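Please read the numbered points below with the sequence and the structure open beside you, and check each one in turn as you go.

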Amino acid sequence: MTCPVPYVAAMAPYTLADLGGDLISMAQNESAFPPSPKALAAAQDALTQTQLYPDPDWVDLRQAIAETHQLDPDMILCGAGSMELTGCLIRAYAGDGRAVLGTEYGYAFVASAALQAQAVYRQVPESGLTVSIDAILDNVTPDVAVVLLCNPGNPTGTMVPSVEVLRLRADLPEHVLLVVDQAYAEFCDASNDPSGIFALAQRGDTVILRTFSKAYGLAGARVGWGCFPPAIAAQVRKLLNPNNIAAVSQMMAAAAMRDRAHMQEIVRRTEAIRNPFASRCRALGLDVPHSHTNFVLLRFGSVDQAAEVDQALRRAGLLMRGMAGYGLPDCLRATICDAAVMERALSILKEALS
Ligand SMILES: *Cc1c(COP(=O)(O)O)cnc(C)c1O
C-alpha cells in the first residue's frame, strides 16, 4: 500500500473553479478582450520550434519587461503564472515554524501555498473591504516571516495607495519578506505611478509580482513575473521548475509586453464597461466597492438574496463567482465581460431584485 507523507494526506485539495459547463464564465477574471495580435503572430512563429526546450532564462521576455517598466533585467524572474512565483517564495521563506501573514480577503491560493510549505497562514481583518496597513502591522508576531499583500485586492477590487504600501514596508521588521501581488496593477498604473513600488525591491526585502493573465489577456499562456532582489531571486530559482514557461507562452508574453498600446486599450475598454455597470448595480441597491480591477464585487442584502441571484444568473446562462469561500456569502464577484454579457447580467439582476 502506498502512503503519502502525513501533511499532504491531511491537506484539502485546492478548490478548482466551477467552470459551469456551458455557462458563460464571469467567474475567473479573464480578460474580456483577446491578446495583442502581435502576441498571436509570435505564437505562430514559436510553433515551428516546439521540438526545442524553451529558454530557461527567459532572456527576451525579461528584456521586454525591463524595457517597458524601466527595471534591471537581472532583477526579473518569470513563472508559470505568478502563482508559481508566490508558491516558491512561500516555500523558500516560510514553513519550519515561520508563518505567513495575509489579509482577510487575500487571494485564496496563498492558503494552499502555505499548506504546501507546511507554514502557518494567518489573516488580519480588513476594514470596509479594504486592506488595513495598521492591522497588518499590529499582527506581525515574531514568527511572521512573510507578509503577503494583494494590491489591488481580489475579490474586493479595492486598493490602498502606494504611500501606504511604502509605509507598511518602512514599518515592517527587515527580516520580514514583503510580497506585493499586483495582478491587477495595470488597471491603475495610469493614476497610481508604480515606480515607487518597484523601487522597493532595491531594499533587498521586498518582491513585486505581476502577471500576463489579466490586463494582457494571456491567462491561458500561464506567464507571471516579478521584480526580485537578487539574493531572493537566487533562492526562488532553486525551487522553480527548470524550463517552467513554454516557448510559445514566452514569445506571446514578450510580444504582448512590447505592445503596450494594446494592453492600455484593454484596460480602457474594460473600465468603460466596468464603471457604468457598477453604477447601475448601485442604483439597484447593491453595495459595490469602487473597483481598480477587471471585476466588481456585488454585495447583496442577504446571503439568501445572493444565492437567489446566483441561481437566476445560472438559469440565464451566466456564471459569477460565489464568495462563501472568502467569508463573503452575501457577495458575488463579476468579471467584466463584453458589453452584451454585462447587459444580460444587469437585466437578470434587475428582475431578480425587483
Ligand atoms: C489572477 C490573479 C493572479 C494571477 O495568477 P496567474 O498565476 O499569474 O494566472 C495572482 N494573484 C491574484 C490575486 C489574482 O487574482
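1. In this predicted model, Ser36 has a relative accessibility of 1%, and because buried means under 20% relative accessible area, Ser36 counts as buried. Its place in the chain is the loop that runs between strand S1 (24–26) and helix H2 (37–47).

2. The side chain of Ser36 makes a polar contact, at 2.7 Å, with the side chain of Asp259. Leaving aside residues up to four places away in sequence, Ser36 touches Ala256, Asp259 and His262.

3. Turning to helix H7 (residues 162–171), the buried residues are Ser162, Val165, Leu168 and Arg169. They cover an arc of only 115° around the axis, and therefore they lie on the same side of H7. The exposed residues Val163 and Ala170 are carried by the face that is turned away from this buried side. Among the elements against which the buried residues of H7 pack are helix H6 (133–138), strand S5 (144–150) and helix H8 (195–199).

4. There is also an open sheet of four strands, arranged in the order S1-S10-S11-S9 with mixed pairing. Its edge strands are S1 and strand S9 (295–299), each of which pairs on one side only, and the twist from one strand to the next averages 35°.

5. S9 pairs with strand S11 (residues 331–335) in the antiparallel sense, over five bridges, and Phe295 has Thr335 as its bridge partner in S11. Helix H11 (residues 260–283) packs on the sheet, where this helix touches S9 and S11, and its direction makes about 5° with that of S9. Helix H13 (residues 339–353) packs on the sheet too, touching S1, S9, strand S10 (318–322) and S11, and the direction of H13 makes about 80° with that of S1.

Technical notes
Residues are numbered from 1 along each chain as its sequence is written. This is a predicted model: local features need pLDDT of at least 70, side-chain atom pairs count only at pLDDT 80 or more; totals for chains, interfaces and linings use all residues. Side-chain values use heavy atoms; hydrogens and water are left out. Helices (H or I, at least four residues) and strands (E, at least two) are DSSP runs, numbered from the N terminus. Buried means under 20% relative accessible area, exposed over 50%, partly exposed in between (1.4 Å probe, protein chains only). A polar contact is a pair of N or O atoms within 3.5 Å; within protein, one must be able to donate a hydrogen and the other to accept it, and residues adjacent in sequence count only if both atoms are side-chain atoms. Contact means heavy atoms within 4.5 Å. The arc is that of the directions from the helix axis to the C-beta atoms. Two strands pair if DSSP finds at least two bridges between them. Axes are lines fitted to C-alpha atoms, for helices over the stretch in contact, and angles run from 0 to 180 degrees between N-to-C directions.
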